[in-house]
Amino acid sequence: MEFGNPLFNIAIFLAFVVVTLAVVIRVSKQNVTAGDFYHGGRAFSGRQNGIAIAGDYLSAASFLGIVGAVALYGYDGLLYSVGFLVAWLVALLLVAEPLRNTAKYTMADVLSFRMRQRPVRTAAATSTLAVTFFYLLAQMAGAGALVSLLIGIEGRVGQSVVIAVVGVVMIAYVLIGGMKGTTWVQIIKAVLLVTAVGVATVWILALNGFNLSEVLGRAVAEHPDGSTILEPMHQYGTSGASKLGFVSLAIALVFGAAGLPHVLMRFYTVPTAKEARRSVVWAIGLIGFFYLCTMVLGFAAAYMVGVDVIGTLPGGSNSAAPALAYALGGTVLMGIISAVAFATILAVVAGLTITASASFAHDIYNGVLKNGAAEPGKEVAVARRTAVVIGAVSIVGGILAAEQNVAFLVSLAFAIAASANLPSILYSLYWKRFNTRGSLWSIYGGLGSALVLITFSPVVSGAETAMIPGVDFAWFPLTNPAIISVPLGFFLGWLGSVTSSEHDELKQAEMEVRSMTGAGAEKATVQH
Amino acid sequence: MPSPPQGSPDRPSPTPEQFQAVQQSEDFGRLRASFRSFAIPMTVAFLVWYFAYVLLSTYAEGLMSTPVLGNLNLGLLMGISQFLMTFLITWLYIRHANRALDPIAEKLRDELEGEA
């Protein structure tokens, strides 16, 4: 099936790049200090930041992947999407506000607050870089696959060029705009994405008398598997290992979101903890609305496009959403949805890059190598250079990974965030006894176990869909390590703490009082 | 635009001893108790409801396929209920924080930053 007009899609996409770059240049006129680069002067309102969080969080994989999963597997697509939303309650209830009150720029600021600085900072930065690297690689590799579908560029060379363009635009956003510019890119993208998805959903519901059951009925009537798509385990139920693998994935999602460094860093862009709370409320509203819409769009794609047709499209199930847009609103809607999907990749990779470069410059360069005494100007220079390096690495990595099956990288990033980051964050905020050894054991134990288990799992070898097909060194049967590595991260944090006598009572008092009251917290640096 | 920054930057930060005094104060004890007695049960509640949905979907397919409302079966409704639960807990937390937590937190912050 031929659908859409590649030239039109490219034109809309270029318009997005031009408009966002213009906005980035405009808002970044006074980007001079370290703070401006890392948190945009902490001058964003809770609502603006909440929209930006949604922009950072809703990746192309969520949008295209979940619509496709619902179209093909029905129930299981919804089951998968729910974890991404519920996870935000961890952020709202336990993490966002105390984090805003106790840290300056990065996750390591919180984790090392009452610990020995250098070892804990190194550990936290290592885990930050690991999570952002895997997440970034998944997005870049996905960008290559997306273009063959959306703008009709096929073949290895064409895809590589597109990945390089994405990387260069992303570096431009980060270098020119810093956190402020990047935040505006997220806001613009989130508004476009949620609006486009919302309009399409209302349109489909209107065609069905605003009766969800009617949409499901038509999907069942057209789907070759009939009514079984409304029942669970169509996708995850092929074996005992695949079922348990899904439970493990659910653990990674629900405990991972509040440990993703690029999400945590967004809480520093607001002036107070109360605004951080408002951010999460806005994010939850938008993210919840978005996933409800993707469910409707997925079932609609099952009958308006048809599962057989989706199977023949380039990009497979990822093309369900654009193909549905074409069936619904022709070339124009298809072009808009395609450009929004592409904009989504750009915004997400820019957010990841600024997080990784901030962590390297602030935690490793300043905190560890310069003992916290680096000149702020020098630190920002390092952050900028790091952003260029990360951009280059992710272009090369994305090109190399484009041919591989790397869909597991996003769930791996969530698993690492849940096993290495969240235990330490919760312990340092809420457990007096927690100390340096507990923190190190938890971070390295969670990170190491997640990496070892995934390496010896069927996503890397020993299965048809593995990253390295043809060889088999897998002994861990699940496709996600979280069911082991998350409890292990919590256990090691406890064990390390109780076997070490280190305890800084005054620092603990300061951290607890600051986290709960906001006293002495970093203020906004820009006034409007 | 965002709320104006609080406190002035030239004011010295509170000393470690002041933080410790506040930590041991009755007000702070109330703040901590009020926060924990809300956040911990709510966290347990949403985790139980979410993992009930995940585990029943995974291991009780028959039960979750029970028709309830038109084409919507028990599992799909339970899935949609996760969205409603998330919105409800968010609303309850905002209400609790505004009424019970913010007044004490603000008072303590003003004391600490004011007397420094």
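Residues are numbered from 1 along each chain as written, and chains are lettered from A in the order in which they are written. Because the model is predicted, local features need pLDDT of at least 70 and side-chain atom pairs count only at pLDDT 80 or more, while totals for chains, interfaces and linings use all residues.

Select chain A and colour it by secondary structure: there are 19 helices and 0 strands, where helices are DSSP runs of H or I of at least four residues and strands are runs of E of at least two. Its C-alpha trace spans about 65 × 55 × 45 Å along the principal axes. Of its 528 residues, 67% count as buried, that is, with 20 or more other C-beta atoms within 10 Å of their own, the C-beta atoms being placed from the backbone.

Next, show the largest nonpolar core, which has 238 residues; such a core is a set of buried Ala, Val, Leu, Ile, Met, Phe, Trp, Tyr and Cys residues joined through C-beta atoms within 7 Å. Helix α14 of chain A, residues 320-369, gives the largest share of this core, 30 residues.

Now centre on W88(A), one of the residues with the most contacts inside the core.

Finally, display both chains: the contact takes 54 residues from chain B and 52 residues from chain A.

Definitions and conventions: Two residues are in contact if their C-beta atoms, placed from the backbone, lie within 7 Å. A residue is buried if 20 or more other C-beta atoms lie within 10 Å of its own, exposed if 12 or fewer, and partly exposed in between; C-beta atoms are placed from the backbone.
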